[in-house]
Amino acid sequence: MTELLELVGGVLLGAGAVVVVFGGVLILRMPTFYSRVHAASVNETLAPLLILLGLACFADGRFDVLVRLGLILMFLLLTSPMSSHALAKAAYRGGLPTGQYREQQRREREGRGHSEPSEEPDA
Amino acid sequence: MITVTLVAVLVCMALLVARAISGTSVFERVLAINSFGTKTVLLIALHGFLTGRPDFLDLALVYALMNFVGTIAVLRFTSYGQLVAFGSRRTDGTEPMPPARPTGDATG
């Protein structure tokens, strides 16, 4: 029973590790700000869920440890979406423009997206 | 497996520090630091289990509380210009939240 519990905990922790690394890469590499907010929001809810559930499998059934893990998990699951929502709302009301990616795609579709108009030849 | 997850969290924290340094606006930096705080909570919990002392979970809980309050405080400060706004109406007659601008100067 204990070995099965440790196996399940190992699988959950491995999945949490994968999610954490992919979340970090996506927050670094996503093209626009709002897509980065989306990546961070998903990452901040899924990674604590997997990792803290995996740690609960290693708790040997100690009640105080399980209660603390449950408290941390509940608090993170409640506050991470609120933080992401407040961040996106503050950025939008603060004037950070949306639709940057669509604009960039349109410019690339129209050819030589980043060329300045002053580069046109005179003759 | 706890060690592997610990290293993964450390890698993610390094990437988030890179994002916070190379960010172009204050909101990107707040985004990176907020995720960094969540990863700190996970790091403390994993370290407690790795060393066989799960008492570190109390510190992780306090870090989670501080991270949320700090993020909301910074966002309130950048949106309202002050930390505490009593009620929805200010004394100088201005709107509590500025209207959305199409193109802004929220850099820095």
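A residue counts as buried here if 20 or more other C-beta atoms lie within 10 Å of its own. By that criterion, 34% of the 108 residues in chain B are buried. The structure is a predicted model.

Chain B contains three helices and zero strands. Along the sequence, its elements follow the pattern α-α-α. Of the contacts in chain B between residues at least 6 apart in sequence, 45% join residues at least 24 apart.

Helix α1 of chain B covers residues 2-21, which is 20 residues. From its first C-alpha to its last, α1(B) reaches 29 Å, close to the 28 Å expected at 1.5 Å a residue.

Which residues of α1(B) are buried? They are B:I2, B:T5, B:L6, B:A8, B:V9, B:C12, B:L15, B:L16 and B:R19. Their packing partners lie in both chains: α1 (2-29) and α2 (33-57) of chain A, together with α2 (26-50) of chain B.

The axes of α1(B) and α2(B) come within 9 Å and cross at roughly 160°. Angles over 145 degrees count as roughly antiparallel, and α1(B) and α2(B) are therefore roughly antiparallel to each other. In the contact of α1(B) with α2(B), 15 residues are nonpolar, four are polar and four are charged. The crossing of these two helices, α1(B) and α2(B), is left-handed.

Methods: Residues numbered from 1 in each chain as written. Chains lettered and ligands numbered in written order. Predicted model: local features only at pLDDT ≥ 70, side-chain atom pairs only at ≥ 80, totals over all residues. Helix = DSSP H or I, 4+ residues; strand = E, 2+ residues; numbered from the N terminus. Expected span 1.5 Å × (residues − 1). Buried ≥ 20, exposed ≤ 12 C-beta atoms within 10 Å, placed from the backbone. Contact = placed C-beta atoms within 7 Å. Axes fitted to C-alpha atoms, helices over the stretch in contact; angles between N-to-C directions. Parallel < 35°, antiparallel > 145°, perpendicular 65-115°, else oblique. Left-handed = near helix turned anticlockwise from the far one by under 90°. Nonpolar A, V, L, I, M, F, W, Y, C, P; charged D, E, K, R; others polar.
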